[in-house]
Amino acid sequence: MSARPLAALLAALALTAGLSITGSPAAARSDDVPAAAEASDVSIAADTYTWKNARIDGGGFVPGIVFNRSEKNLAYARTDIGGAYRWDQPGKRWTPLLDWVDWDRWGWSGVVSLASDTADPDNVYAAVGTYTNSWDPTNGAVLRSSDRGASWKAAPLPFKLGGNMPGRGMGERLAVDPNKKSVLYLGAPSGKGLWRSTDSGVTWAEVTAFPNPGNYAQDPSDTSGYASDNQGIVWVTFDERSGSAGSATQDIYVGVADKANTVYRSTDGGGSWSRIAGQPTGYLAHKGVLDSSTGHLYLTLSDTGGPYDGGKGRIWRYATATGAWTDVSPVAEADTYYGFSGLSVDRQKPGTLMATAYSSWWPDTQIFRSTDSGATWTRAWDYTSYPNRSNRYTQDVSSVPWLSWGANPSPPETTPKLGWMTEALEIDPFDSNRMMYGTGATVYGTEDLTAWDTGGRFRITPMVKGLEETAVNDLASPPSGAPLLSALGDIGGFRHTDLDAVPAMMFTSPNLDSTTSLDFAEASPGTVVRVGNADTAPHIGFSTDNGANWFQASEPAGVTGGGTVAAAADGSGFVWSPDGAAVHRTTGYGNSWTASTGIPAGAMVESDRKNPKKFYGFKAGTFYVSTDGGATFTARANNLPAEGNVRFKALPGTEGDIWLAGGTAAGTYGLWRSTDSGTSFTRFSGVEQADSVGFGKAASGASYQTVFVSAKIGGVRGIFRSTDAGANWTRINDDAHQWGWTGAAITGDPRVYGRVYVSTNGRGIQVGETSDTGGGGTDPDPDPEEPPGDADCSVTYKVTNQWSGGFQADVTVTNTGTTAYDGWRIGWSFPDGQKVTQMWNATAQQDGVKVTATNAGWNARVAPGSSAGFGFSGSWAGANTVPKAFTLDGDACTVG
């Protein structure tokens with residue numbers, strides 16, 4: 001399983017749409033990149049939200065894991081569409097680093113390579129960009145951080161990068177010279193060659209002396225540019241023995257996507273390059289890893305670029321001292337039906353190395369281990385007498401139980417499997433017992449690996465907590481039962497009864513590759529329907545117990561994919577608009593289907609949330625209404641966006657109240673409302689763009705349910721809330737919590753005021769919780785008063801992340817008085833001389849140990865009972881004691 005190419009998630013090439021820590025995990029400042037509109041442009045109210053994921057743990061492809069070679073327990077992981085993460089050893093979880101990526105640069109959520117600086121472990125680099133073809137409108141960039149990913153700067157590139165392109169498991173394409181940290185190399189796709197920076201990633205230039213930009217494409221005939229792109233230069237490896245501290249490494253090895261010329265070397269620090277004589281041909285070198293203790297360069301090779309394909313493979317060893325090449329493959333070429341990719345050497349045990357058969361889909365992946373430089377190998381599992389097998393490991397997925405997929409396979413398959421798409425495998429350079437490897441769905445690992453060599457069995461468990469990489473297609477929050485139901489790419493979807501617990505299993509019976517749409521009966525929430533994509537029928541399932549259990553249904557002829565589906569308000573019938581067939585209705589649970597009339601195939605369908613006979617549809621600018629349970633539809637309003645992605649929802653409990661969001665930037669784009677069942681729609685003039693809309697519990701004293709949108713309002717892209725039917729809007733996310741593209745789905749919780757569930761394309765389901773427990777207070781004061789002279793305030797200060805010499809903190813100020821703040825300044829003194837290095841959602845001034853944080857323009861006004869928040873990254877030495885006292889405009893605040 002993996003994140004699909006984005007086009008597979010879209011009806012068109014417009015975009016569709018993980019664990020976030022509470023607070024602000026990271027921020028970015030781009031060099032020479034036009035920034036998206038800043039929050040200070042928003043002249044509306046603001047509320048302080050905390051964000052987390054609805055836990056799934058994993059769910060997507062992890063093609064790269066990188067351990068720092070000079071500091072223990074410092075490791076990073078990259079994902080193809082869901083950003084980058086840093087390992088938190090005390091919590092044994094991953095911390096997200098790229099949640100700040102904004103709507104306009106959503107492609108930077110795809111990470112094609114990572115590099116951690118050996119000479120200075122505080123430095124980390126990420127090469128970002130999701131597609132090299134037209135699907136991604138933005139060029140790639142190399143992000144650099146001097147605080148382990150807490151904050152970033154960007155060096156834009158003059159070409160695109162492909163974190164979700166074919167070949168993305170090869171690498172690492174980005175590397176830092178272990179002897180001279182100012183020197184980095186980047187292998188580019190698309191024939192763009194080899195690039196180098198000599199100023200720590202600030203600027204980049206092509207290495208014009210490098211002779212081969214690659215020539216391999218997965219499918220040269222693909223007119224979309226996805227599979228036909230030249231996969232280019234795929235890894236860079238330094239031989240640190242050929243340099244010394246402060247002097248550039250002289251011997252550098254580079255892997256190229258060219259089956260006849262796959263390895264090149266420079267012996268003069270990158271000045272000149274040559275093809276290494278005697279190298280294997282007919283394959284692509286997915287990885288090149290040098291064991292400096294033995295002087296051996298190892299290559300894992302496959303006949304394709306991966307990560308899905310690969311039918312033959314080899315492992316070769318190159319003796320850098322003599323120039324001798326040796327085929328050290330663990331099996332004969334004729335016996336392979338897979339390619340090799342994952343590759344790591346044990347830095348504590350010279351001559352010990354491991355490799356993966358990444359494309360061995362059936363019966364399982366295979367992992368190989370050698371303790372004699374590849375002369376002999378053992379396997380993670382072997383056949384005893386077919387189909388029975390003997391495993392050198394035990395596997396415990398109790399922390400992420402859905403990894404069993406609910407399967408009950410016949411031998412030699414097992415459940416859970418070791419994995420698939422295993423292109424990343426790394427042995428901890430400080431601990432021979434710890435190894436991690438990525439799959440298409442998770443990160444697995446062990447902490448007793450050397451039991452492999454002594455006849456014992458090592459224990460494999462998920463090491464994925466905090467890493468959330470699902471692509472979300474639809475969300476539902478019923479008024480009773482589970483608070484959250486989800487439709488996800490690749491792994492179907494889940495019923496969350498506890499947002500902080502990993503569900504036991506994804507939806508089954510049927511198992512859908514990707515769920516595209518789901519709905520529940522508003523007045524009978526136990527009745528749920530879902531549809532999705534699968535290789536064969538069925539493409540639809542029903543539940544009568546709120547999604548706890550499911551049963552398959554028949555389907556109309558010609559169905560090829562899920563499309564959209566709607567349940568009548570009382571559960572008496574369903575309307576389905578599948579891919580490949582006309583819109584149909586059923587009055588039972590899919591035992592028989594009847595084609596609807598008056599509505600075009602491919603229309604999006606939804607139900608009225610009060611009248612069980614009323615259904616709605618939309619396609620190409622026209623809105624359709626049925627008043628007979630979906631049997632016939634009539635065209636109504638037609639002044640709506642004719643192009644782009646459009647989504648609409650009907651308000652629970654009120655007949656005919658419909659909100660519609662969508663369009664394109666080049667045409668009509670915005671948010672509309674109908675109160676007459678779609679006969680007419682009125683556009684919200686203050687909403688420039690909107691992509692999804694949903695509803696949640698009304699604020700205290702409010703007469704209308706809370707409305708949530710993913711939209712652009714006041715020049716700012718974000719997640720917004722209104723408690724007064726759209727008259728006023730509150731931005732509830734911040735610059736550190738943007739998650740790229742969030743346009744597929746959004747819904748509030750009908751039971752918890754302010755709670756919102758937000759879809760992402762690679763960072764899972766984001767859950768927002770408001771600090772405004774009273775509800776309401778979104779309306780700007782037309783005649784604000786001055787802040788009170790005596791501070792009515794409470795301040796909370798929380799260190800959200802800390803490492804050697806650095807930390808992040810969140811600060812929340814709550815108005816405990818009866819008058820609104822119209823601007824605020826929070827002051828404190830650091831007990832241990834800490835320094836603020838970067839601040840978001842406020843402006844920092846520091847004089848010695850004294851710090852003043854002044855509001856941004858958009859969060860200046862804080863209503864009574866409401867809060868404003870900001871975060872910062874800082875440095876410390878010796879101790880990092882939390883400040884004990886805070887002031888508002890010079891007057892003391894209560895410390896929360």
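In what order do the four strands of the open sheet stand? The order is β19-β20-β21-β22, and the pairing is antiparallel. Before selecting anything, please note that this is a predicted model, in which local features need pLDDT of at least 70 and side-chain atom pairs count only at pLDDT 80 or more, while totals for chains, interfaces and linings use all residues. Residues are numbered from 1 along each chain as its sequence is written, and side-chain values use heavy atoms, with hydrogens and water left out.

**The sheet.** Select residues 284-291 and 325-327: these are β19 and β22, the edge strands, each of which pairs on one side only. On average, neighbouring strands of this sheet are turned by 20° against each other, direction ignored; the axes are lines fitted to C-alpha atoms, and angles run from 0 to 180 degrees between N-to-C directions. Strands here are DSSP runs (E, at least two residues), numbered from the N terminus. Strands of a sheet pair through backbone hydrogen bonds, either parallel or antiparallel.

Two strands count as paired if DSSP finds at least two bridges between them. Within this region, Asp291 stands opposite His296 in β20.

**Aromatic rings.** The whole structure holds 50 aromatic pairs. Rings of Phe, Tyr and Trp (its six-membered ring) pair if their centres lie within 6.5 Å; planes under 30 degrees apart count as stacked, over 60 as edge-to-face and the rest as tilted. Select Phe551 and Tyr589: their ring centres are 5.6 Å apart and their planes stand at 80°, so the pair is edge-to-face. Phe551 lies in strand β40 and Tyr589 in the loop between β43 and β44, so the pair ties together parts that are 38 residues apart in sequence.

Then select Tyr797, Phe807, Trp824, Trp828, Phe830, Phe870, Phe872 and Phe886, which form one aromatic cluster.

**A charge over a ring.** Select Arg389 and Trp381: Arg389 lies over the face of Trp381, at 4.1 Å from the ring centre. The criterion is that NZ of Lys or CZ of Arg is within 6 Å of the ring centre and within 35 degrees of the ring normal.

**A loop residue.** Finally, select Asn133, in the loop between β8 and β9. Is Asn133 buried or exposed? Asn133 counts as buried, at 6% relative accessibility (buried means under 20% relative accessible area, exposed over 50%, partly exposed in between, with a 1.4 Å probe and protein chains only). Asn133 touches Lys160, Ser224, Gly225 and Tyr226, not counting residues up to four places away in sequence; contact means heavy atoms within 4.5 Å.
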